[in-house]
Amino acid sequence: MSKFDEKSLAMQSGILLAFAAYLAYSCSDAAGKMLGAQLPIFEIGFFMSLIALAPALLLKRADETWRALAAPKRPLLVLARMGTGTFGGISAVYAFTHLPMAEAYSLIFLLPVFVAVLSGLFLKEVVGLSRWVALLGGLAGVMLVVRPGFNALTLGHLAALACAFSGALTSILLRQLGPTEKRLTLVGAVLVAATVVNGVLMIPSFVAPTAAHWPILVAGGLAAGIGHIAMVTAARLAPASRIAPAQYSQIVWAAILGAAIFGEFPDPIAVAGMALVGFCGVMTLSGGDAAAAKPARNRFLRLRKA
C-alpha cells in the first residue's frame, strides 16, 4: 500500500471515529436525560464523570509518567479549562433534563458563533464574510427551533446557551494548551474537576441511586469516556477541519434518540431549523475565507463538555 493510500485510509478512519465519538456523547446525554427526573443533576454529573475516568485512563501512553501528567506546563490555563469544562458539563445536564434533546442541541450549536466572537477578541483572529454568513444562518436555524415569543423561554434554554458559551471558552483555551499539554492531562483534569465539584454540590440533596439507576449511570459514564478515547484517536488520524463537522451529526442522533426513548417529535418548522443549523455548522467548520480564523491546533475533545 502506498503512502498516499495509507494516509487516505487513516483520514477515513479518523472521520468514522469522530462520528462514533459523537454518537457515544449523544448516548451519554440521553442517559443523563433519562435520570433527570429521578436524581439531582449534580449527582448525575458526579457518577458519570467518575465512571468516565476509567476508559479515559486508557489514553495514557507507555512512555508517560503519572507525575508528568499531573504537572501541567501552564497550570493556570489548565485550571481555567477545568472550570469551563465543569460548568459546561453541569449546564449540559440541566439543559438535557429540561428540554427536548434536539432543542437543547440546537442551542448548544450556537458555539461557533461564540467561538468566532471570542477568537476576534482574545486571539485577534479575522473572521471572513462567508463564515459570518454561515454563523448567522445557524443562528436563524436556532430561532426556527426555539421560536422565542411563540414558546416560553426557560432556565433550560439559558443552561443550553451557557453550555455553548462555556464550550467556546474551552475551545479558546484548548488552542493555547494543545501544543504544550498532554492529552490525558486535559481529559483527566476536567473529569477530575467535574467529579469533585459535582460531588460537593450533590451532598445537600443526595439521593441514593437504586438498582434501576446504576445500569444507566454506568452506560452513560462509559459512553462519555469512550467518546473521549474515540475523539483523541480521531484527532491523531485526521486533521481537525475534517473531523469537526462530525459534531453536527448529533442533531440526527438527538432526533432519533429523542423520538425512540422520550417520544419527542419536533414539528416541521423545528426540523427545518435543525437542518439549517447542521448545514451552516458544517459550512462554518469546514469552509470559510482564506483569511478566516486560524485552524484550532487541538480539537480532540468535544468542545461543549470537554
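**Cavities, pockets and helix packing in a predicted model**

Q: Which residues lie nearest the centre of the second largest cavity, and how many line it?
A: Thirteen in total, written as 13 residues, line the second largest cavity, and Phe 109, Pro 112, Gly 138, Tyr 248 and Gly 281 are those nearest its centre. This is a predicted model, in which local features need pLDDT of at least 70, side-chain atom pairs count only at pLDDT 80 or more, and totals for chains, interfaces and linings use all residues. Residues are numbered from 1 along each chain as its sequence is written, and side-chain values use heavy atoms, with hydrogens and water left out.

Q: What makes a space in this protein a cavity rather than a pocket?
A: On a 1 Å grid over the protein atoms alone, a cavity is a set of points where a 1.4 Å probe fits but cannot get out, whereas a pocket is an open set with protein on both sides within 12 Å along at least five of seven lines; a residue counts as lining if it has an atom within 4 Å of a point. By this rule the protein has 4 cavities of 30 Å³ or more, and the second largest cavity has a volume of about 80 Å³, where volume is the space filled by probe spheres set on grid points joined across faces, edges and corners. Helix H6 (111–123), helix H7 (129–146) and helix H13 (268–286) each supply at least two residues of the lining of the second largest cavity.

Q: How is the lining of the second largest cavity divided by class?
A: The lining of the second largest cavity has 10 nonpolar, 3 polar and no charged residues, with Ala, Val, Leu, Ile, Met, Phe, Trp, Tyr, Cys and Pro counted as nonpolar, Asp, Glu, Lys and Arg as charged, and the others, Gly among them, as polar. Gly 138 and Gly 281, both named among the residues nearest the centre of this cavity, are therefore polar by that rule.

Q: What surrounds the second largest pocket, and which residues lie nearest its centre?
A: The second largest pocket is lined by 13 residues, with Leu 69, Ala 70, Thr 185, Gly 188 and Ala 189 nearest its centre, and about 230 Å³ of space lies in it. Helix H3 (66–69), H4 and helix H9 (183–201) each supply at least two residues of this lining, and H9 gives the most, with 5 residues. By class, the lining of the second largest pocket has 11 nonpolar, 2 polar and no charged residues.

Q: What are the helices and strands of the protein, by count?
A: The protein has 13 helices and 0 strands, where helices (H or I, at least four residues) and strands (E, at least two) are DSSP runs numbered from the N terminus.

Q: Why are H4 and H8 described by the word they are given for their relative direction?
A: Helix H4 (residues 75–98) and helix H8 (residues 155–177) pack at about 155°, with their axes 8 Å apart, the axes being lines fitted to C-alpha atoms, for helices over the stretch in contact, and the angles running from 0 to 180 degrees between N-to-C directions. Angles under 35 degrees count as roughly parallel, over 145 as roughly antiparallel, 65 to 115 as roughly perpendicular and the rest as oblique, and H4 and H8 are therefore roughly antiparallel. By class, their contact has 16 nonpolar, 9 polar and 1 charged residues.

Q: How do H5 and H7 cross, left-handed or right-handed, and what sets the term?
A: The crossing of H5 and H7 is left-handed, whereas that of H5 and H12 is right-handed; a crossing is left-handed if the near helix is turned anticlockwise from the far one by less than a right angle, and right-handed if clockwise. Helix H5 (residues 101–108) and H7 pack at about 150°, with axes 9 Å apart, and are therefore roughly antiparallel.
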